[in-house]
Amino acid sequence: MGKIRKILLILGIIIMMIFVAKTNSYATTSNKTEEKEYVYLSDIPYVKDKSFAGDGKSIRLDKNDVNDFITLKVNGSEAPFLKGICAWATSEIVYDLSEYEYDYFTSYIGIDISEQSNYFNTGAKFYIYTSDDGKDWIEQYKSDVLYGWSESQFIKINIKDVNYLKLVADDNSNDWWSAWYDETVWADAKLIKEGYEEDTTTVDFIKTVEEYDEKIKEQSVDDEIAGEYELILLQREFVKNVGYDILQQFVKYSDDYYNAISWLMNDVDNLRLYIIGGKPDGTYLESLKILSQLYSTYKEDLNNEEITENGTVLKDLYRRMMITLSLTHSTKCRFMGWWSN
């Protein structure tokens, strides 16, 4: 298995090099600002020379400081977010909006739910400013002190005829050594147009673990639909591993994501290969992004019925390669190290 894994890794590197250009431009091509009623702030560039995060940390997009989902308390429950901005306080993040025609800025704000402690916990305050020239700023919003256990706040700010937007999180402390547990997040941060309404629908082929449990009770391994029984079991395991809320957000992010996850989840052979492949080397979310990119680029190869001299049907080989690569390339791959193991 070691040699096979190395071969697949080599093939993976070659394939990844072929479509790296598509990968790098993926977010912008699937979310064109001129075609949508909204755009995520984490999908457009912030002004780097005017932006910073506290404690010498970097501003993180779509994940918290430990590469996990941004998570806030919403309506009393933990809610993960696919999109958002994370920055240790004190931080400032500036956006040039002059090239965008949107009417409001919306976001859930708060401290990532992982940041909870009764000791040395100063929390943070959130501020929002707008400007015409990027120099003179007008305060548009100021929050109370928020903590990791606080209910998140939803904000909506008018940005009509505004050229610059500045998001500030203050560590609420006069002493650098007493500022703790202040990983601030701007979750689901978006620029939206007048009249935009949030999509609250759910994708039918993704169900909750509880719904799969009910479906399993209705099935029997002795039934003629044993194949469907296995698919339900695999779907339950997949949703449990990745997370229902994140999967729902993921498939609604772009058509490419939707098509890839539909292909994966609604075919028992596909899902079996993914599940038995084990936990991704990185995160499930990064694994699914890679799989979506591979599927979008090479899905026509999955119809190749050609058979090799060894009796391998090429479409089956390509499917295995796609799924394997999505698991092994969901984190940064080194060119050395694994080669010599």
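**Entry 1: the largest core.** I looked up the largest nonpolar core and found 47 residues in it; Phe238, Leu264, Met265, Tyr274 and Leu288 have the most contacts inside it. I then listed the elements that each supply at least two residues of this core: strand E1 (38-40) and the helices H4 (209-218), H5 (226-242), H6 (244-253), H7 (255-265), H8 (268-276), H9 (284-298) and H10 (314-328). Helix H9 gives the most, with eight residues. I note that the model is predicted.

**Entry 2: Phe238.** I set aside the neighbours of Phe238 within four places in sequence and looked up its other contacts. I found Leu247, Leu264, Met265, Leu271, Tyr274, Ile275 and Leu288.

**Entry 3: Ser150.** I located Ser150 in the loop between strand E9 (138-142) and strand E10 (153-158). Is Ser150 buried or exposed? Ser150 counts as buried because its relative accessibility is 16%, and the cut-off for buried is under 20%. I also found that the side chain of Ser150 reaches the backbone nitrogen of Tyr147 at 2.8 Å. Gly110 is 40 residues from Ser150 along the chain, yet their C-alpha atoms are separated by 7.4 Å.

**Entry 4: the whole chain.** I recorded 10 helices and 12 strands. Of the 341 residues in the chain, 47% are buried. The chain exposes about 18400 Å², and carbon and sulfur atoms supply 48% of that area. Among contacts between residues at least 6 apart in sequence, I noted that 77% join residues at least 24 apart.

Technical notes
Residues numbered from 1 in each chain as written. Predicted model: local features only at pLDDT ≥ 70, side-chain atom pairs only at ≥ 80, totals over all residues. Heavy atoms only, no water. Helix = DSSP H or I, 4+ residues; strand = E, 2+ residues; numbered from the N terminus. Buried < 20%, exposed > 50% of the residue type's maximum accessible area, 1.4 Å probe, protein only. Polar contact = N/O pair within 3.5 Å; in protein donor to acceptor, adjacent residues only side chain to side chain. Contact = heavy atoms within 4.5 Å. Areas by Shrake-Rupley, 256 points an atom, 1.4 Å probe, with all protein chains shown as cover. Core = buried A, V, L, I, M, F, W, Y, C linked by side-chain atoms within 4.5 Å.
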